[in-house]
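Here are my notes on this model, point by point.

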Amino acid sequence: MKFVLPIILTSLILLTGCFEVREEVDLQADGSGRVTLTLNLSESKANVANYMRLGTFNGQEVPTRQEIEEEIALMKKTLAACKGISEVRSYADFSNFIFSLSARFDKVENLNTAVNKLAAVNAGKQQVQPFSNFGYASRVFRRHFEYPLELIDYQGLTTMQRYMLESARMISVYRFEQPIKTYSNPKSQIAPNKRAIKLEAALGALLNGSATLANAISF
Amino acid sequence: MEGQGARAKNQGDIRILLPAKNPISNLLKPLEPMKNLALALSLLLSSTLGAQDLTSYIPSDVSFLFTWNADLVGKKVKTRQLMQQESMDLIFQQLVQGLDSIQQEEYRTLMTSPETYGINNNAPMHLAGRWNETGNFYALLMPLTNSSLLETFVARQSVLSDEPIAIEQYGDYSLAKLAGYHLAWNRQVAIVAGGRAAEVYPDFDWESYPYEEEYEYEEEEIVEEEIIEEEAPAEEEEMIEEEMAVEETPDAVAGWIAELLGRSFASSLQSHPDYLKAVAKPADAHLWVDYRQFMTMGQDLSMMGGVPGAAGAMGMAAQLFDDMYKGTFLSMTLNFNKGELEMNSHMLGQGKMIEVMQEAYDTRFNKKMWKYVDSRFLLGYYTLQVDVEKLVEGLKDIIYPAIAEMPMYGESFIRMMDVVGIVVDEDALYDLFKGDLFVAITGIRQAEIPVTSYEYDTDFNPSQVEKVIKKQYPEFLVMTSYGNEENMRKLLRLGESFNAFLNMGEYYQTAGQDESDTYYLAMKDGIMLFTNDGGLIAGRLNAGVEKAARLNKTHRKNLRKNVQAMYWDVQSTWQAIQETGVAESDAEMAEIMQGISDKVVDATFITSRKVKPSIHGKMSLKLKDSESNALEQVVGLLNQLILEAAGLERI
């Protein structure tokens with residue numbers, strides 16, 4: 001979520017339809033696993049394609065296909081250089097505008113470090129405060145959600161931007177080897193086999209603080 | 001039932017008992033400073049019939065005058081019944097909050113039966129305002145049948161209020177200074193007045209003022225002092241507030257009243273020839289505005305003209321408006337007819353801008369446009385026709401001399417425009433765009449757009465699926481006439497070179513992803529067409545739409561006889577929203593549209609081609625209930641909205 005935020009806010013400039021961000025973590029019992037992040041702009045593909053063709057929108061520069069590919073390559077390179085991160089893969093579909101990045105991690109702490117590095121690369125020269133997005137200890141997997149959201153002037157966004165954020169979705173899916181015993185976020189949905197948990201929220205609700213991705217899952 | 005928020009019937013009137021804090025009080029917050037004036041204004045609505053002209057008390061240089069012709073309205077509707085709406089009671093309660101119950105009762109009587117206190121509720125009432133170098137003042141003029149009854153009312157208020165009200169005598173009129181406003185009366189008229197005198201600035205020589213680069217600052221040693229924060233005692237704060245109140249300008253308001261009641265002005269509106277023309281045809285309500293004062297409102301020319309920076313620029317704009325609209329007046333009338341609200345506007349006088357517009361409106365509608373407009377699903381249109389050359393040249397005649405006379409900017413501006421004149425071929429531009437515009441919304445369409453989405457299995461593993469989503473969009477057509485075809489093609493080729501659109505032979509097209517996102521541009525017989533209706537451009541550019549589907553006679557007349565025409569078919573719009581699923585995708589908008597369509601059939605606005613003796617505009621709102629008077633319907637709607645806002649329902 002952390003490095004997704006700038007992407008989301010940039011996307012607001014480009015989109016007039018809804019979009020979806022998905023975060024998936026497949027966690028092994030030993031604390032290793034795979035993380036996958038997907039951005040699906042398919043429902044706004046007509047607008048995105050037009051703005052990319054024009055090069056600018058509302059005075060903002062719109063990246064070209066080449067620039068996006070270079071950015072993805074940089075993210076892959078950054079992730080691959082992180083300690084404990086391997087098998088970095090990316091997926092880019094420029095006809096439907098679906099982008100995905102996934103990697104294996106050997107322990108959750110290394111995943112946190114990698115996410116912070118990715119956020120720092122994404123922020124450029126801006127200072128980024130490091131956060132722990134995930135935690136795993138004593139058979140409890142935690143998704144933290146303690147970002148400085150108060151810095152986002154949500155009410156200061158235009159009506160159209162707020163509408164888009166309210167219609168855009170953030171989905172988190174976590175899968176485990178053992179069955180889930182408890183979870184803290186009541187909005188979660190649990191799979192029939194009890195080895196997967198899904199949480200869906202509007203991006204607007206996450207940004208204005210009326211919803212959270214925070215969850216503590218024990219097994 | 002009695003209590004907070006409950007209603008009770010009392011002496012035949014509907015009363016609503018409100019809690020001290022309620023949503024309606026928020027609605028009325030902006031009115032608080034003018035609470036007493038607002039109460040007096042409500043009297044406007046409660047009048048019914050008569051013929052007592054008070055315009056002799058109104059100076060001809062007022063900025064605006066609003067007249068409520070109660071006599072005409074009273075013939076159409078029972079205004080006393082309108083005053084008994086629940087919302088009026090809510091508003092009244094807000095206005096009289098803080099007064100004791102006897103005072104409240106007397107004010108209620110004043111509002112519902114003003115004749116009890118000598119106010120003639122059978123004659124026109126006027127609200128006048130004037131803002132000029134002396135200050136901003138307003139006055140509500142009410143005709144009297146018996147001034148002693150009003151005096152009794154004022155005397156009663158003096159006894160009932162905490163502080164006695166002093167009634168001062170000035171010649172043939174009396175004056176009472178009340179909280180927030182002044183009340184004055186003679187045998188014929190009562191005036192409620194308020195306002196504020198202009199701030200007085202000392203004369204300042206801007207030309208010889210030593211600006212920053214010439215000024216030598218003396219270096220001062222700054223000594224840091226220990227700051228002790230101390231709360232001021234509440235009593236001191238009250239004292240400060242009292243002192244500030246004393247600094248207000250009650251004498252200026254008294255002076256304004258003296259001017260009105262003493263008729264100590266050069267001439268009244270009764271001798272203003274343009275005003276007399278404007279009121280020759282009576283209307284239920286009439287608004288008279290000095291357009292120059294309206295356009296330069298809030299801009300003090302003497303303070304800002306020629307001063308560098310933003311204030312100087314504002315001063316320039318104000319000076320320009322002054323030149324453009326001097327001697328220009330706006331007269332607007334409102335008539336409440338059965339099933340129709342009709343508003344007429346007349347721009348009249350000898351202002352330079354009127355002459356320019358009269359010249360610029362000397363145009364003809366390009367009838368070739370008719371064949372492209374499909375009226376079968378028409379939701380509305382807007383058209384404008386001006387002679388660009390006459391408009392631009394006319395504006396230049398006003399603007400150039402005005403700017404040339406301005407210090408600091410004038411000379412540079414004229415030099416700059418000389419250079420622009422070398423580069424720009426004005427005649428070629430006038431020949432390129434003829435100055436007409438036709439915008440029509442010819443329906444709401446629905447496009448099916450394939451998108452890639454995800455579905456999740458029972459273990460929440462995502463898999464890509466192809467879906468089709470429905471997207472609604474308005475179908476539009478924009479047309480404008482052009483003169484020089486070759487020059488217009490040069491412009492289009494420029495757009496083509498920037499990949500803004502693709503050349504498709506007979507027409508141009510943008511590279512959209514789907515039909516909702518694709519736009520077409522074509523030139524045919526001197527008309528440039530821009531639309532998202534691909535069928536029209538690709539298939540019917542030569543023949544146009546079928547004859548039976550074209551605009552009917554009423555619309556064609558609207559376009560032919562007027563230089564500006566706007567039409568909105570509310571019922572067709574609502575029908576299209578229901579049929580195309582817009583209601584499902586945007587429930588909030590659909591709810592608003594349903595509310596409008598329950599009341600309104602259509603709305604039209606036109607500016608007549610006949611521009612002499614005045615530039616005439618007309619707006620008409622045709623209501624669904626064709627039997628009831630528009631005023632009753634409007635008040636009923638307002639009543640409903642106010643009650644909803646207050647969280648109450650109609651009995």
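1. Across the interface of chain B and chain A, the rule finds zero salt bridges. A salt bridge here is a side-chain nitrogen of Lys or Arg within 4 Å of a carboxyl oxygen of Asp or Glu. Polar contacts do occur there: seven residue pairs, both residues at pLDDT 80 or more. Such a contact is a pair of N or O atoms within 3.5 Å; within protein, one must be able to donate a hydrogen and the other to accept it, and residues adjacent in sequence count only if both atoms are side-chain atoms.

2. A word on the basis. This is a predicted model, where local features need pLDDT of at least 70, side-chain atom pairs count only at pLDDT 80 or more, and totals for chains, interfaces and linings use all residues. Residues are numbered from 1 along each chain as its sequence is written, chains are lettered from A and ligands numbered from 1 in the order in which they are written, and side-chain values use heavy atoms, with hydrogens and water left out.

3. How many residues of chain B are in contact with chain A? There are 18, and they touch 26 residues of chain A; contact means heavy atoms within 4.5 Å. The buried area between the chains is about 1,800 Å², with 49% from carbon and sulfur atoms. That area is the accessible area (1.4 Å probe) that two parts lose on being put together, summed over both. On the chain B side, Y454(B), Y456(B) and F460(B) lose the most area to chain A, together 33% of what that side buries.

4. Strand 14 (436-456) and strand 15 (462-481) of chain B are the elements that give two or more residues to this side. Strand 14 has the largest share, six residues. Helices (H or I, at least four residues) and strands (E, at least two) are DSSP runs, numbered from the N terminus.

5. Chain B as a whole has 24 helices and 22 strands. Of its 651 residues, 44% are buried. Buried means under 20% relative accessible area, exposed over 50%, partly exposed in between (1.4 Å probe, protein chains only). Among contacts in chain B with a separation of 6 or more, 72% join residues 24 or more positions apart.

6. Over all chains the count comes to 27 salt bridges. E259(B) pairs with R130(B), closest N and O atoms 2.8 Å apart. The pair links helix 9 (residues 250-261) to strand 4 (residues 125-132) of chain B, 129 residues apart.

7. E342(B) is buried at 16%, whereas K618(B) is partly exposed at 29%.

8. In chain A, R22(A) meets E20(A) in a salt bridge (3.7 Å, N to O). R22(A) is buried at 3% relative accessibility, and E20(A) at 5%. A network of salt bridges links E20(A), R22(A), E24(A), D26(A), R169(A) and R175(A).

9. Check two backbone angles. Phi of R139(A) is positive, near 60 degrees. R139(A) is in the loop between strand 7 (134-137) and strand 8 (140-143) of chain A. Phi of D525(B) is near 50 degrees, also positive. D525(B) lies between strand 18 (520-524) and strand 19 (527-531) of chain B. Most residues other than glycine have a negative phi.
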